[in-house]
Amino acid sequence: MSTNTRTVAATPEQVWDVLSDGWLYPVWVVGASRMREVDDTWPAVGAQLHHSVGAWPLLLNDTTEVVECHPGSMLRLQAHARPMGTAEVVLRLHASGAETEVVIEEDAVSGPGRLVPKPVRDAQLTWRNVETLRRLAYIAEGRS
């Protein structure tokens, strides 16, 4: 899995507030362009986000589902990214005083994306998730 870490100047609760608001997903996740629907139970296990990827007018509708959830500390997602396949994404929050260390791990688990050599896949995911964590931090810090 590709792993990125960022220290966010907000508490784990403040970061979790962003993660648990499914409507904010396309604001902090690179590649997601709009939100169509958020299950009422988000981020409970089995809940889904119904989002689109791409740029208008070339949008693809996809979903992301919660596989495991420990409120305030960990969120494991199965993200569909047509046509590339499915990815597993794990977000972990660790308190560090008044700040939070956020760790994101991601890798392709099925589909054509899995055929990309791991070093190439990791390089692309690392670049993408640096920006994803930057966006997440901006939102959490801006709310604190």
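**Asking how the sheet, helices and core are assigned**

Reader: Which residue in strand 5 is the bridge partner of E68?

Author: R76 is the bridge partner of E68. This is a predicted model, so every value here is computed from predicted coordinates.

Reader: What makes strand 4 and strand 5 a pair?

Author: Two bridges would be enough for the term. Strand 4 and strand 5 (residues 74–81) share six, and they run antiparallel. So they count as paired. They also form a hairpin, with three residues between them. G72 sits in that turn with a positive phi of about 85°. Most residues other than glycine have a negative phi.

Reader: How do you know that strand 5 and strand 6 pair?

Author: Eight bridges join them, in the antiparallel sense. The cut-off is at least two, so the pairing holds.

Reader: How many bridges join strand 6 to strand 7?

Author: Eleven, and the two strands run antiparallel. V89 has E106 of strand 7 as its bridge partner. The hairpin between strand 6 and strand 7 leaves two residues in the turn. G97 is in that turn, with a positive phi of about 70°.

Reader: What is the bridge partner of S2 in strand 7?

Author: E106 is the partner of S2. E106 is also the partner of V89. Strand 1 and strand 7 are antiparallel and share seven bridges.

Reader: Why is one side of strand 1 and of strand 2 left without a neighbour in the sheet?

Author: The seven strands run 1-7-6-5-4-3-2, in an open sheet with antiparallel pairing. Strand 1 (2–8) and strand 2 stand at the edges with a single partner strand each, so one side of each has no neighbour in the sheet. Neighbouring strands are turned by 25° against each other on average, direction ignored.

Reader: Which strands does helix 1 lie across?

Author: Helix 1 (residues 12–19) lies across strands 1, 4, 5, 6 and 7. Its angle to strand 6 is about 155°. Helix 3 (residues 118–143) lies across strand 1 and strand 7, at about 20° to strand 1.

Reader: How do you know that the span of helix 3 agrees with its 26 residues?

Author: At 1.5 Å a residue, the 26 residues should span 38 Å. The end C-alpha atoms of helix 3 are 36 Å apart, which agrees.

Reader: Which residues of helix 3 are buried?

Author: Among them are R121, D122, L125, N129, L133 and L136. The cover over its buried residues includes strand 1, helix 1, helix 2 and strand 7.

Reader: Why is N4 called buried?

Author: The cut-off is under 20% relative accessible area. N4 has 6%, so N4 is buried. N4 is found in strand 1. Its side chain reaches the backbone oxygen of T126 at 3.2 Å. A polar contact needs N or O atoms within 3.5 Å, so that distance passes. Beyond its sequence neighbours, the contacts of N4 include V102, I104, L125, T126, N129 and L133.

Reader: Which residues touch the most other members of the largest nonpolar core?

Author: V15, L19 and W28 do, in a core of 31 residues. Elements giving two or more residues to this core include helix 1, helix 2 (25–28), strand 2 and strand 4. Helix 3 gives the most, with five residues. For V15, contacts beyond four places in sequence include V8, L93, V102, L136 and A140.

Reader: What kind of peptide bond joins W56 and P57?

Author: A cis bond, with omega about 10°. P57 is in the loop between strand 3 and strand 4 (58–70). The bond from W42 to P43 is cis too, with omega near 5°. P43 lies in the loop between strand 2 (32–38) and strand 3 (48–55). Most peptide bonds are trans.

Note on methods. Residues numbered from 1 in each chain as written. Predicted model: local features only at pLDDT ≥ 70, side-chain atom pairs only at ≥ 80, totals over all residues. Heavy atoms only, no water. Helix = DSSP H or I, 4+ residues; strand = E, 2+ residues; numbered from the N terminus. Axes fitted to C-alpha atoms, helices over the stretch in contact; angles between N-to-C directions. Contact = heavy atoms within 4.5 Å. Core = buried A, V, L, I, M, F, W, Y, C linked by side-chain atoms within 4.5 Å. Buried < 20%, exposed > 50% of the residue type's maximum accessible area, 1.4 Å probe, protein only. Expected span 1.5 Å × (residues − 1). Polar contact = N/O pair within 3.5 Å; in protein donor to acceptor, adjacent residues only side chain to side chain.
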